[in-house]
Structure formats: structure tokens, C-alpha cells
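Student: I have just opened this structure and would like a guided tour. Could we go through it question by question?

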Amino acid sequence: MPSPTLDDESKHPAEPPAHAVPGRSPRMTRAARIALVVLLVAELMDILDQSVVLTALPAVQESTGAGPAAVQWLTAGYSLTVAVGLITGGRLGDIHGRRKILLIGTVVFTLASLLCGLATGPGVLIAARVLQGTGVAMMIPQVLATLHITFDGENRSRAFGLYGAVLSLANVLGPVLGGLLTQLDLFGLSWRPIFLINVPVGLAVIILGRRFVPESTAQNADRLDLTGMLLSALAVVLIIFPLTEGHTHHWPLWCFALLAAGLLVLGVFLRHQQRRRDNAPLVALSLFRGKQFSGGLSAQLTLGLLCGLFFMTWTLYLQRGLGLSPLMAAAAFVLLALGELAGATTAMKTAGRFGRRLPQAGALITLASMAAYGLQINSRQADLTLLAMTVPVVLIGFGLGMVGGPLADMSLAKVPHENAGSASGLFNTAMHLGIALGTALTALVFFAATGGSSDGAINRDAFTGILWWVGGTLALMWALMFCLPGRANTRAD
């Protein structure tokens with residue numbers, strides 16, 4: 001049954017959109033376009049920095065003398081900090097102002113990026129990466145929340161379409177940019193430009209964001225639920241940490257003990273939020289009574305699971321299974337990115353007219369393309385070339401590009417403005433949790449089959465097995481999107 005909190009909109013007065021009027025949206029003003037660019041650039045920096053370091057890790061290790069454990073924490077420390085802080089970061093925006101928290105997060109992220117670029121040892125670099133993650137956890141929820149409360153009608157669909165395009169491109173191009181900047185060795189700085197490039201971009205976001213991004217707060221959120229913040233952070237750590245580290249340590253008993261403890265703490269957190277439902281909880285549980293948000297959140301979790309399953313194993317398949325060079329493997333990612341850009345552009349141009357049918361079509365296109373790709377892998381084996389796989393790879397990207405923006409748009413469309421930050425934090429946390437689950441499943445399905453072998457035939461067979469799991473994930477995501485509206489969304493205000 002739909003939640004009264006979501007359906008009785010008159011009970012949730014909210015600030016009017018800064019750049020839109022009810023009904024058919026007028027053309028975006030110059031200030032609105034600049035605000036949109038600033039928000040999307042902030043999102044681009046956030047997502048790029050999750051993956052840009054991957055292809056630079058060998059150079060980082062050689063330069064800093066980092067051991068295997070330190071190298072692992074360069075990525076794990078960042079992603080874990082982001083996942084832990086997203087819900088709290090979203091609520092801070094609701095209480096203290098979404099523009100204000102966005103700018104504070106950008107300042108933290110920019111300074112941390114400078115520290116990363118100047119670091120000479122692994123300890124300082126890991127600490128700076130954790131600080132980067134703290135800044136990102138403050139920034140990311142404000143992007144979706146501000147898009148949600150600022151734009152309406154066709155402008156809203158276009159804004160979320162562009163958001164989906166940026167999300168898709170950043171996820172795929174991060175490793176490519178990391179490898180390119182490291183190989184260029186600008187000014188003899190080796191891997192350091194992958195972090196230092198954030199400094200001028202971050203300064204631009206701070207200056208323009210202060211001028212053009214509208215401020216907004218929740219009317220009934222006057223303080224932070226500190227107990228809920230600690231419980232949510234502890235639950236996320238206890239769940240994501242063992243999922244991330246389990247394979248490295250061959251799944252010892254303590255991994256399962258931490259997972260069980262995490263689920264227990266999650267239950268305590270939910271009970272605490274229920275008791276505080278009328279006293280500024282960290283998460284408004286009434287959000288989950290409406291199938292549009294809860295179904296969209298589940299679909300987002302599934303999308304993260306798909307990403308965790310596919311991208312890492314695809315990289316290993318391209319280089320080990322087909323013997324492609326890192327540069328040629330990067331070219332395959334570029335093909336996928338071009339397809340995603342085309343899919344996201346298609347979603348943006350439809351301006352939300354097709355409702356859930358658009359992202360569902362994207363899921364089916366991706367599923368069919370994955371099946372064709374699997375048949376091609378089986379028929380050509382080691383002789384499969386980059387040129388031959390161009391069509392299915394571009395179509396896989398095209399289908400995925402049709403999903404991200406519309407899924408975020410429709411999932412958040414009925415969320416009251418006063419809960420926009422909290423809902424955005426949950427939505428982004430679902431993606432991170434899905435990626436962690438996908439990574440854990442990769443360890444059980446792919447690495448268990450290869451045993452760490454670099455043999456081409458073994459890696460090809462293991463990747464074909466992964467495609468079955470990816471196909472099942474896509475089918476589940478398609479089914480979950482029936483919770484989204486069949487027609488264009490209406491706003492929560």
C-alpha cells in the first residue's frame with residue numbers, strides 16, 4: 001500500500017523549484033544550465049576517482065614502495081569511506097543546506113586530492129584517499145537531491161538523462177584516464193596528475209557552485225540523529241568490509257561473523273529509526289512504503305551488483321582470455337562508453353515520456369547483447385578481435401546507458417523534498433553495496449574457476465560463466481522496474 005507520506009503531498013510543503021514552473025517546463029535559464037554543469041562535474045569527479053587509480057597502481061607501488069596490502073587499501077579505504085558516509089552526508093544536506101554541504105565536501109575532496117598528489121609514502125597516500133572518500137560522501141548525495149528539488153518536467157528528465165550519461169562515462173573511462181595520464185608522465189610526475197587534476201576542477205566547482213547552485217534545506221530537520229548515524233555507519237562497515245576482503249583472505253570464519261553482526265546492527269538501526277519516526281530520524285522509513293522508491297532502490301542495488309560482476313572480469317577476459325594489451329583493452333572500454341553515451345542521450349531526449357518502459361528496454365537490449373556476446377566468445381574463442389566484438393559491446397553500453405538516469409529520476413520522483421538528501425544517500429549506498437556484493441560473487445564464481453591462472457582458455461570459460469550470472473541479474477533488474485511508473489513521473493511537490 002502506498003505511503004501517505006508519499007501520496008499526500010499537501011502534508012509536505014516544499015520549496016518551489018528554483019528553475020522551473022509547474023506543468024510544461026520552460027527553457028532552462030543560463031543560471032540553471034551552469035548549475036547543472038557544476039553538479040554534473042562534481043559527480044564526474046566523484047565517480048572517476050573511484051576507478052582512475054586502478055590502472056596507475058603499478059606505478060604507485062613502484063614510486064612509493066607500497067606493499068600488496070597498502071595497494072589494496074588505496075581503493076578499499078576510499079570506497080569503504082564513501083559507502084559509510086553517504087547516508088549521513090545526505091542528511092547533513094537536508095539539515096544544513098545542500099549547497100553548503102556540497103561545497104564543504106568539495107573543499108575536503110580538493111585538499112585531499114592535493115595531498116594525494118604530493119604524497120611520498122603509502123601511509124600518507126592511504127590517509128589522503130580516506131579523506132577524499134569523506135569529501136565524496138558529503139558531495140554525492142547533494143547532487144541527486146539538488147537535481148530532484150530544482151528541476152521539473154522535461155527539464156528534470158533532461159537533467160537526469162545527463163546525470164546518467166556522466167555516471168556511465170565516469171565508470172568506464174576512469175581506468176582509461178588513469179592509464180593515459182600515468183603513461184604520459186606529465187612534467188615527470190608519473191601517476192600524480194590523476195589526483196592533481198582534481199585541484200583546478202574542484203576550485204571551479206567551489207566558485208561556480210557558490211554563485212549558481214540554489215540552496216535548499218528540509219523544513220522539519222533541525223538536528224542530526226547521532227545514534228542513527230553511528231549505527232548506520234557500523235552496519236555498512238560490518239557488511240561491506242568482509243564482502244570486499246573475503247576473497248583475499250580465502251573467506252575465513254571472521255568474515256561470516258562480521259556479516260552476521262552487520263545484519264544484527266542493521267536490525268537495531270531500523271528499530272531505532274522506527275522509534276524516532278516523529279523525531280528527525282536519519283532515514284524516514286515511510287519512504288519504503290511506496291513501491292516506486294523501494295523498487296527503484298532494489299533495482300539500483302541490482303545495477304551495482306551487475307557492475308561488480310561484469311567490469312572486473314571483463315578486463316581480465318580481454319587481457320588474459322584474448323591476450324589484448326592494456327591499451328587495446330582500454331579501447332574496448334571506450335567502445336562501451338560510446339554506447340553508454342548514446343543510450344543516455346536517447347534517454348535524455350525522450351524527456352521521461354515512456355516511464356519505466358525506457359529503462360526496461362535498456363535492460364532487455366543489454367541482456368540480448370550479452371547473450372550475443374557470449375555466443376560470439378564461444379564460437380571464436382581466442383580468435384575474437386576487438387573489431388569483431390564492436391557491435392555487441394556498443395549495444396551493451398547502449399542498453400546500460402538507457403538505465404541509469406531514468407532509474408534515478410523515477411525512483412526519487414515521489415520523495416518529499418524534506419527527505420531528498422536522505423533518499424539520495426540511500427540510493428547511492430545501494431549502488432556501493434551492490435558493487436560489494438558483485439565483487440564477492442566474482443570471487444566465488446570467476447576466481448574460484450580460474451584459480452588465479454593466466455591461461456587463456458580457463459579465463460574465457462570462467463568469463464562465459466559470469467555472463468550467465470549477469471544475464472540473471474539483468475532479468476531481475478527488469479522485473480524490479482515494474483515498481484516504477486508506466487507513465488511520466490509527477491513531482492513530490
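Student: Is F187 buried or exposed?
Tutor: Let's start with where F187 sits: in the loop between helix 7 (153–184) and helix 8 (193–196). Helices here are DSSP runs of H or I with at least four residues, strands are runs of E with at least two, and both are numbered from the N terminus. Buried means under 20% relative accessible area, exposed over 50%, and partly exposed in between, with a 1.4 Å probe and protein chains only. F187 has a relative accessible area of 82%, so F187 is exposed.

Student: What should I know about the origin of the model and its numbering?
Tutor: This is a predicted model, in which local features need pLDDT of at least 70 and side-chain atom pairs count only at pLDDT 80 or more, while totals for chains, interfaces and linings use all residues. Residues are numbered from 1 along each chain as its sequence is written, and side-chain values use heavy atoms, with hydrogens and water left out.

Student: How much accessible area do L180, L184, L186, F187 and L189 have together?
Tutor: These residues form a nonpolar patch on the surface. Patches are made of residues with over 30% relative accessible area and no salt bridge, joining like charges within 9 Å and nonpolar side chains (Val, Leu, Ile, Met, Phe, Trp, Tyr) within 5 Å. Areas come from the Shrake-Rupley method with a 1.4 Å probe, and for residues only the protein chains shown count as cover. Together the five have about 520 Å².

Student: Which residues gather in a patch of positive charge on the surface?
Tutor: Lys and Arg count as positive and Asp and Glu as negative, while His and the chain ends are not counted. The place of a charge is taken as NZ of Lys, CZ of Arg, CG of Asp or CD of Glu. One member, R27, lies in the loop between helix 1 (4–7) and helix 2 (30–51), and R27 counts as exposed because its relative accessibility is 76%. The residues in the patch are R27, R30, R33 and R211.

Student: What radius of gyration does the chain have?
Tutor: The chain has 18 helices and zero strands, and its C-alpha atoms fill a box of roughly 65 × 50 × 45 Å along the principal axes. The radius of gyration is taken over C-alpha atoms, and the globule rule is 2.2 Å times the number of residues to the power 0.38. With 493 residues, a compact globule would be near 23 Å, which agrees with the chain's 22 Å.

Student: Is M139 buried or exposed?
Tutor: Buried residues make up 58% of the 493 residues in the chain. M139 is found in helix 6 (residues 122–150). Its relative accessibility is 0%, so M139 counts as buried.

Student: How many salt bridges does a search of the whole structure find?
Tutor: A salt bridge is a side-chain nitrogen of Lys or Arg within 4 Å of a carboxyl oxygen of Asp or Glu. One of them pairs R98 with D94, with the closest N and O atoms 2.7 Å apart; R98 and D94 are both buried. The search finds five.

Student: How many residues apart are R156 and D409?
Tutor: R156 and D409 form a salt bridge whose closest N and O atoms are 2.6 Å apart. This pair links distant parts of the chain, with R156 in helix 7 and D409 in helix 16 (residues 404–412).

Student: Is R276 buried or exposed?
Tutor: R276 meets D225 in a salt bridge (3.5 Å, N to O). The pair links distant parts of the chain: D225 is in the loop between helix 9 (198–212) and helix 10 (226–245), and R276 is in the loop between helix 11 (253–275) and helix 12 (291–321). D225, at 2% relative accessibility, counts as buried. At 17%, R276 also counts as buried.

Student: What is the phi of Q381 near?
Tutor: Q381 lies in the loop between helix 14 (357–380) and helix 15 (390–401), and is partly exposed because its relative accessible area is 32%. Its phi is positive although Q381 is a residue other than glycine, and the value is near 50°.
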